[in-house]
Amino acid sequence: MTDENKHYIRQRNAGALPWEIEPDTQKQEEHPVFGQMDAQPVTREGARVQPLPEDFAPSREILEFLQAHQGIPLDFIATQLIDFKLYWHETGEARKAWQNKFKSHVIYQWKRNQSETGQRSHRSTAEKLTDRSWDDGFQFEDGDE
């Protein structure tokens, strides 16, 4: 099928009457949705891959997010910043999104810290089964404890 026939069929399918169809003067194939098939895709400049900057500091938005949405205190974030910088400066790895990497690191460490803290306060199964703290101060109707 020639390009001219394809053009005619496309126009007819779009609802054009035969006498309204003009001859195809385009040399390039045009897709009905995507436009020209051989057009170059638009490239956008994104973040550059770079090692962690020496003066890296989390943005105000990241700090607000960690506090408001994750409930992480600023002093915990500050201690994580030190560890984060020491580790990434030592490795020298290059990344694109250091702010996001820091946010993920802090959330992971916070959850890990909370999990470890919670595990230490758990009681053994025997302690749970013999716990009678629920009956402290409970009095029967006849006055016996």
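**Exercises on aromatic pairs and burial**

Phe102 is buried, with a relative accessible area of 0% (buried means under 20%, exposed over 50% and partly exposed in between, with a 1.4 Å probe and protein chains only). The model is predicted: local features need pLDDT of at least 70, side-chain atom pairs count only at pLDDT 80 or more, and totals for chains, interfaces and linings use all residues. Residues are numbered from 1 along each chain as its sequence is written, and side-chain values use heavy atoms, leaving out hydrogens and water.

**Exercise 1.** Describe the makeup of the protein chain: its helices and strands, and their order.

Solution. 
- Step 1. The protein chain has 5 helices and 4 strands (DSSP runs numbered from the N terminus: H or I of at least four residues for helices, E of at least two for strands).
- Step 2. Starting at the N terminus, the order of elements is α-β-β-β-α-α-β-α-α.
- Step 3. Of the 145 residues in the protein chain, 15% are buried.
- Step 4. Among contacts in the protein chain with a separation of 6 or more, 59% are between residues 24 or more positions apart (a contact means heavy atoms within 4.5 Å).

**Exercise 2.** Classify the ring pair of Phe56 and Phe102, and state where each residue lies.

Solution. 
- Step 1. The whole structure contains 8 aromatic pairs (rings of Phe, Tyr and Trp, the last by its six-membered ring, with centres within 6.5 Å; planes under 30 degrees apart are stacked, over 60 edge-to-face, the rest tilted).
- Step 2. Between Phe56 and Phe102 the ring centres are 6.0 Å apart and the planes stand at 65°, so this pair is edge-to-face.
- Step 3. The pair links distant parts of the chain, 46 residues apart: Phe56 sits in the loop between β3 (50–51) and α2 (60–70), and Phe102 in helix α4 (residues 98–120).
- Step 4. Phe56 has a relative accessible area of 6%, so Phe56 is buried.

**Exercise 3.** Classify the ring pair of Phe84 and Phe102, and find the cluster that includes Phe84 and Phe102.

Solution. 
- Step 1. Phe102 is buried, as its relative accessible area of 0% shows.
- Step 2. The ring centres of Phe84 and Phe102 are 5.2 Å apart and their planes are at 75°, so the pair is edge-to-face.
- Step 3. This pair also links distant parts of the chain: Phe84 in helix α3 (residues 74–91) and Phe102 in helix α4, 18 residues apart.
- Step 4. Phe84 is buried, with a relative accessible area of 1%.
- Step 5. Ring pairs join Phe56, Phe84, Tyr87, Trp88, Trp98 and Phe102 into a cluster.

**Exercise 4.** Decide whether Gln109 is buried or exposed, then do likewise for Lys111.

Solution. 
- Step 1. Gln109 is in helix α4, and Lys111 is in helix α4 as well.
- Step 2. Gln109 has 18% relative accessibility, so Gln109 counts as buried.
- Step 3. Leaving out residues up to four places away in sequence, Gln109 touches Phe76 and Gln80.
- Step 4. Lys111 has a relative accessible area of 52%, so Lys111 is exposed.

**Exercise 5.** Assign Tyr8 to an element and to an accessibility class.

Solution. 
- Step 1. Tyr8 lies in helix α1 (residues 3–13).
- Step 2. Its relative accessibility is 37%, so Tyr8 counts as partly exposed.
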